[in-house]
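Hi,

Here is the structure I promised to pass along. Have a look at it first, and then read on for my notes.

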Amino acid sequence: MRLPLPAFAAALGLGLAATTLGTAPAATAPETAAPGSPTQYAAYSPSAVPSDPEARDTEAFFEAVLESVAEKRAAAPTSDASVTVYYSARYAPSFRTQIARSTQIWNGSVTNVRLQETTSGADFAYYEGNDPRGSYAATDGRGNGYIFLDHQQNQVYDSTRVTAHETGHVLGLPDHYSGPCSELMSGGGPGTSCTNPYPDAAERARVNQLWSAGFTEALDKALEKSERR
């Protein structure tokens, strides 16, 4: 994957509602502009956008990252059972603590996939800045994707939950705004008192399933593509 990334055709606005616990970036945090402006997105408000387009955007982001990871594995085979997804945090310096914490949470919650920071060859990147749509995840469906973290939103809502929630989309999980606070992907649905940054048992199981069967299929395609070259 090449970074910085081009403008994207699809995006997910995935803000979260929760009280700030002192981990949000300062109001004067430097802005790192996201690569391009998404033309489609699902806003934080559960009623803002129909669920079907949002679900398709989530799937597109997951598949783009899955393909990127599979191509790396095809080029450099390994016997490791788990799959490593590499990310870049260089474009979101104010959120390094939240990104590291959400990575720790996900790596401690699932077994079939791991998140790891890298300085080159990332499968997706985190960006920061100011956007009236809040935080969101975006992809162009061609192996390029990013997560955008909005300064203002992360000062109002629990920043670790925001970051862990957005990262959940990378791993294949859609929003479920009607869920309880115990569901990470319920986003802002439970209200501002929800500060839970952990996926529940069903979410953990779903990610493990996606990165087992889903990755095997993606790897087979990547190997076929490599053999034709």
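Below is what I found, going from the overall fold to single residues.

Before anything else, bear in mind that this is a predicted model.

**The chain as a whole**

The protein chain has five helices and six strands. Going along the sequence, they come in the order β-α-β-α-β-β-β-β-α-α-α. There are 229 residues, and 53% of them count as buried. If you take the contacts with a separation of 6 or more, 75% are between residues 24 or more positions apart.

**Where α2 meets α4**

Which residues make the contact? On the α2 side they are Gln98, Ile99, Arg101, Ser102, Ile105 and Trp106, and α4 brings in Ser159, Thr160, Thr163, Ala164, Thr167 and Gly168. By type, the contact of α2 with α4 has four nonpolar residues, seven polar and one charged.

Thr167 sits in helix α4, and with 0% relative accessibility Thr167 counts as buried. Neighbours within four places in sequence aside, Thr167 is in contact with Ser102, Trp106, Leu115, Tyr126 and Ile147. Of these, Ser102 and Trp106 are also on the α2 side of the helix contact.

The other is Gln98, which lies in helix α2. Gln98 counts as buried too, because its relative accessibility is 1%. Along the chain Gln98 and Ser159 are 61 residues apart, yet 6.6 Å separates their C-alpha atoms.

While you are on helix α2, look at Asn107, which is also found there. Asn107 has a relative accessible area of 16% and is buried, the cut-off being under 20%. Leaving out residues up to four places away in sequence, Asn107 touches Val113, Arg114 and Leu115. Leu115 turns up among the contacts of Thr167 as well.

**The disulfide**

How many disulfides are there? A search of the whole structure gives one. The partners are Cys181 and Cys194, with 2.1 Å between their sulfur atoms. The torsion about their S-S bond is about 85 degrees, so the disulfide is right-handed. Cys181 and Cys194 are 13 residues apart, and each is in the loop between α4 and α5 (201-228).

Are the two cysteines buried or exposed? Cys181 counts as partly exposed, with 25% relative accessibility, whereas Cys194 counts as buried, at 2%.

His176 is another residue in the loop between α4 and α5. With a relative accessible area of 37%, His176 is partly exposed. Not counting residues up to four places away in sequence, His176 touches Glu183, Met185 and Ser186. Gly188 is twelve residues from His176 in sequence, and their C-alpha atoms are 9.6 Å apart in space.

Asp131 is in the loop between β4 (124-129) and β5 (136-139). Residues up to four places away in sequence aside, Asp131 touches Tyr136, Phe148 and Asp150.

Ala122 lies in the loop between β3 (113-117) and β4. At 1% relative accessibility, Ala122 counts as buried. Ala122 and Val69 are 53 residues apart in sequence, and the distance between them in space is 9.1 Å, C-alpha to C-alpha.

Cheers

How values were computed:
Residues are numbered from 1 along each chain as its sequence is written. This is a predicted model: local features need pLDDT of at least 70, side-chain atom pairs count only at pLDDT 80 or more; totals for chains, interfaces and linings use all residues. Side-chain values use heavy atoms; hydrogens and water are left out. Contact means heavy atoms within 4.5 Å. Helices (H or I, at least four residues) and strands (E, at least two) are DSSP runs, numbered from the N terminus. Ala, Val, Leu, Ile, Met, Phe, Trp, Tyr, Cys and Pro count as nonpolar, Asp, Glu, Lys and Arg as charged, and the others, Gly among them, as polar. A disulfide is a pair of cysteine sulfur atoms within 2.5 Å. Buried means under 20% relative accessible area, exposed over 50%, partly exposed in between (1.4 Å probe, protein chains only).
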